[in-house]
Amino acid sequence: MSPSFDPASLWAVLRVQDEFFAVPCEQVQSIIALTSVTPVPHLPKYMRGVIHHQSQVVHVLEMRNRLGLKSLSTEVNDFVDLMEAREQDHVHWIDTLSECVQEKKKFTLTTDPHRCKFGEWYDHFLPKTDDALLKSLLNQFEEPHRNVHEVAMQVERLQYEGHYSEALDLIQERKDHELRIMRNLFNDVKQTYRNHNREIAIVLQFGNRQAALVIDEVVAIETLSWNNWRTMDEATGGQVQADYMLGLAEIPEKELPVVVLDVPRCFA
């Protein structure tokens, strides 16, 4: 298959989650931010619907769904829902601490910032993200999050000494300061994640037809190396059956495998 490709031809390299794909630049019409898509009944699940682009009706294919992955919009919504849940965990945590003082009950929720649901998620997620702005925001949780949890031990000591009013004042102070900082950070993290994970579509022309692929990112415009060309059967041992994937080429010098797409078959 590789000899049929002009070695000097340019390809648009696309990222979909952690995988890379290539389509011929000659087929690329435009790259657009995806806003609203009109659903169309009875289309395959991976077809999101249609958009109007340059006075034409353009069918939209969700590349993540084509690959059996969760869509980027769903992934973003799940992340936002997670942050909202972890924020409410801490609102509930500090309200429960206050109720325990008022009712003179023992506080049983975790006082270890690494063992609450947010702390466990934070310790797992932070080292893995390569989003510099998101990482910077998450690092700002460290001090207020620790101080919120530490107040429980201070409150326990005040309760033991019978200083209930001082304990409630201390809780309110943490609520007004550290918890407020955390809630503002949660909002900033949600907005940053949304901004950095906006859906885009690459509009392609093949034959007399225009269609759009929803992808995560256009990585580069490159010539490809065909020296180590492998068909999908050769590359996966027959485990991937997708006639719209022609095979694996590489980005020169980076030795990064790139799946070459047969664009018309993507939309078949």
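Two residues are said to be in contact when heavy atoms of the two lie within 4.5 Å of each other, and this is the sense of "meet" and "touch" throughout the tour, which follows a predicted model.

Select helix H4 (132–139) and helix H7 (178–196), and look at the residues where they face one another: Leu133, Leu134, Leu137 and Leu138 in H4 meet Leu185, Asp188, Val189, Thr192, Tyr193 and His196 in H7. If you colour this contact by residue type, you will find seven nonpolar residues, two polar and one charged. How do the axes of H4 and H7 cross? They come within 10 Å and cross at roughly 170 degrees; because angles over 145 degrees count as roughly antiparallel, H4 and H7 are therefore described as roughly antiparallel to each other.

**Second stop: the core around Val189.** Keep Val189 selected and show its surroundings, where, leaving aside residues up to four places away in sequence, Val189 touches Phe79, Met83, Leu134, Leu137, Leu138 and Phe141. Now widen the selection to the largest nonpolar core, which has 36 residues, and in which Trp93, Leu97, Trp121, Leu138, Phe141, Val155 and Val189 touch the most other members. Among the elements that give two or more residues to this core are helix H2 (72–103), helix H5 (142–160) and helix H6 (164–176), and H2 supplies the largest share, eleven residues. Apart from this core lies another, of 26 residues, including Val16, Ile200, Ala242 and Met245. In soluble globular proteins, nonpolar side chains tend to be buried together.

Select strand E1, residues 11–16, where five of the six residues are buried. Strand E2 (residues 19–24) runs antiparallel to E1 and is joined to it by six bridges, with leucine 14 standing opposite phenylalanine 21 in E2. Between E1 and E2, which form a hairpin, there are two residues, and glutamine 17 in this turn has a positive phi of about 55 degrees. Strand E8 (residues 217–222) also runs antiparallel to E1, through five bridges, and here alanine 12 has isoleucine 221 as its bridge partner.

**Last stop: the open sheet.** Finally, select five strands in the order E3-E6-E7-E5-E4, which form an open sheet with mixed pairing. Which strands lie at the edges? They are strand E3 (28–33) and strand E4 (47–53), each of which pairs on one side only. Within the sheet, seven bridges join E6 (residues 200–206) to E7 (residues 209–215), and the two run antiparallel; isoleucine 200 stands opposite isoleucine 215 in E7.

Notes. Residues are numbered from 1 along each chain as its sequence is written. This is a predicted model: local features need pLDDT of at least 70, side-chain atom pairs count only at pLDDT 80 or more; totals for chains, interfaces and linings use all residues. Side-chain values use heavy atoms; hydrogens and water are left out. A nonpolar core is a set of buried Ala, Val, Leu, Ile, Met, Phe, Trp, Tyr and Cys residues joined through side-chain atoms within 4.5 Å. Buried means under 20% relative accessible area, exposed over 50%, partly exposed in between (1.4 Å probe, protein chains only). Helices (H or I, at least four residues) and strands (E, at least two) are DSSP runs, numbered from the N terminus. Axes are lines fitted to C-alpha atoms, for helices over the stretch in contact, and angles run from 0 to 180 degrees between N-to-C directions. Angles under 35 degrees count as roughly parallel, over 145 as roughly antiparallel, 65 to 115 as roughly perpendicular and the rest as oblique. Ala, Val, Leu, Ile, Met, Phe, Trp, Tyr, Cys and Pro count as nonpolar, Asp, Glu, Lys and Arg as charged, and the others, Gly among them, as polar. Two strands pair if DSSP finds at least two bridges between them.
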